[in-house]
Amino acid sequence: MKEKNSIWKASSGSLALLLVLPIFAIFFTAIGETDQLFSHLMSTVLPTYTFNTVALAAGVMLLSLVFGIPSAWLMAMCRLPSERILQWALVLPLAMPAYIVGYIFTDWFDFAGPIQIALRDLMGWQAGDYWFPDIRTLGGAIVVLALVLYPYVYLLCRAAFMEQNVSLLQSARLLKCSPWESFYRISLPLVRPAIAVGLSLVAMETIGDFGTVSYFAVNTLTTAVYDTWLGYSSLTAAAKISAIMLVFVILLLSTERYSRRKQKLFQNQFSSREDFRYQLSGWKKWLALTWCWGLVSIAFIFPLGQLLIYAYKYFAQSWTAEFQQYAINSLYVSLSAAVIAVLIALVVNFYQRLSAKRSAVAFMRFSSLGYAVPGTVLAIGVMVPVLFMDHLVNDIAKAMEWGRPGLIFSGSMFAIIFALVVRFSAVAIGSIESSLSKVSPSLDMASRTMGCNANQMLRRVHLPLIRRGALIAGLLVFIESMKELNASLLLRPFNFETLATYVYNFASDEHLELAAMPAVLLVLVGLVPLVLVNRSLEQVH
């Protein structure tokens, strides 16, 4: 059994090293000699890009709080008409790619858009008679990203509000606290850990966003990485900027953990919740409904409706051989990433179950680090070892006089699949870890007594029991890979498009209506994990 365990240990350690290799590669390349391009960027535009990145992240975090916390409190603590629909509807904006929402908002709010035209017709204004905010600015990018990302705060805060100890709420009412006082003095302090986690997720997604800021012409560190690599072909400078972004992410995660290092909140689950929720009536009820349904409508229903109108009107132009080919490309890449990620998750989780050593947990955590890395940064990290492997293969082939095989790894789908596996293995690992934790250890002991080795135990005992968790893990990785834009833009082979890059290219050329059908497909695919998450919340609570 020890020999078998050593095989699992070697496999788990090798996979963890492989998945963390891109992160090491970024820092290894970044500490190299500073080239002239990076020095020029540092003295000219990088300070502005850094300021834009910080301002963007801070603005989106603040606005996500404004959108997410009131919605979460209303859904957890108040009785409202249509609340069961609203509970999951408020999560739907997360399925909408931000750059698509940005394009639609630009189409609506521009001078030639329907909103300004209606205002001019209604008020009799002429051009120059009025002022209207420009959507394609830093402020516009903040609003669009916050509308799409606030569900992170909403989901976590709603769960935290629902887990409050019922005796605290009862005591607040006995002390004649108003709903506002109960929220501000009791509920809000108790959900601070959930707020911190939600904001860290919002900030990481904001820092890593490329599609929205690129379309809105807001230069951030992410666009700097993209331009440096594709525009100037400088991998070293791109790696240095990527390392700066990684430091931002590490500081963000460290600050979030440090801020709640001494917080220990012990609460009973919020039982008898129906008896202690506030019954809103009159103008308060209508204000709450307007707030919640307004968010859902602006961030999801109206944009999706616009996409459906485009898809219907331009169906003939959209249903092309290119669209079908790009759909097959996305299917192939995402399916490959999902299968590989699930296999990796099985290996590292099963070794962690076999061994009680700290190394087993460390391998699992290292394998999950890629999820915290922005897609553009990860693409640079993947490019470094992939190019090294290409050069190594070509040098060996030349030495053996076999001719040069060319870019085997960086010029094929290997690079993009590798990046997707590194980025989304954490999703599969978490899902399978949750499933394995529900398998009783007594089954392991029983199988050992019956003479089963580790391989037989996995095949006969664990796999049948965690089959559903493994399928969900593969589904989640598949969906996330379908939607991934940043890594796909940088790592795709020549003349290779996915649905995400196809939609982005049309959106950046201001012809989203021609790619509305694949955009609708991406949105519908993105709804699946949201439904799964919401169902799990309902089962828990």
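Reader: Why is Trp402 called exposed?

Author: Exposed means over 50% relative accessible area, buried means under 20%, and partly exposed lies in between (1.4 Å probe, protein chains only). Trp402 has a relative accessible area of 63%, so Trp402 counts as exposed. The model is predicted: local features need pLDDT of at least 70, side-chain atom pairs count only at pLDDT 80 or more, and totals for chains, interfaces and linings use all residues. Residues are numbered from 1 along each chain as its sequence is written, and side-chain values use heavy atoms, leaving out hydrogens and water.

Reader: Thanks! What makes Cys78 buried?

Author: Its relative accessible area is 1%, so Cys78 falls under the 20% limit. Cys292 is buried too, at 0% relative accessibility.

Reader: How do you know that Cys78 and Cys292 are too far apart for a bond?

Author: A disulfide is a pair of cysteine sulfur atoms within 2.5 Å. The sulfur of Cys78 is 9.0 Å from the closest cysteine sulfur, in Cys292, so the two are too far apart for a bond. A search of the whole structure likewise finds zero disulfides.

Reader: Which residues touch the most other members of the largest nonpolar core?

Author: A nonpolar core is a set of buried Ala, Val, Leu, Ile, Met, Phe, Trp, Tyr and Cys residues joined through side-chain atoms within 4.5 Å. The largest one has 163 residues, and Leu74, Tyr99, Ile100, Leu307, Ile432 and Leu491 touch the most other members. Helix α7 (residues 138–162) gives the most to this core, with 17 residues; helices are DSSP runs of H or I, at least four residues, numbered from the N terminus.

Conventions. Helices (H or I, at least four residues) and strands (E, at least two) are DSSP runs, numbered from the N terminus.
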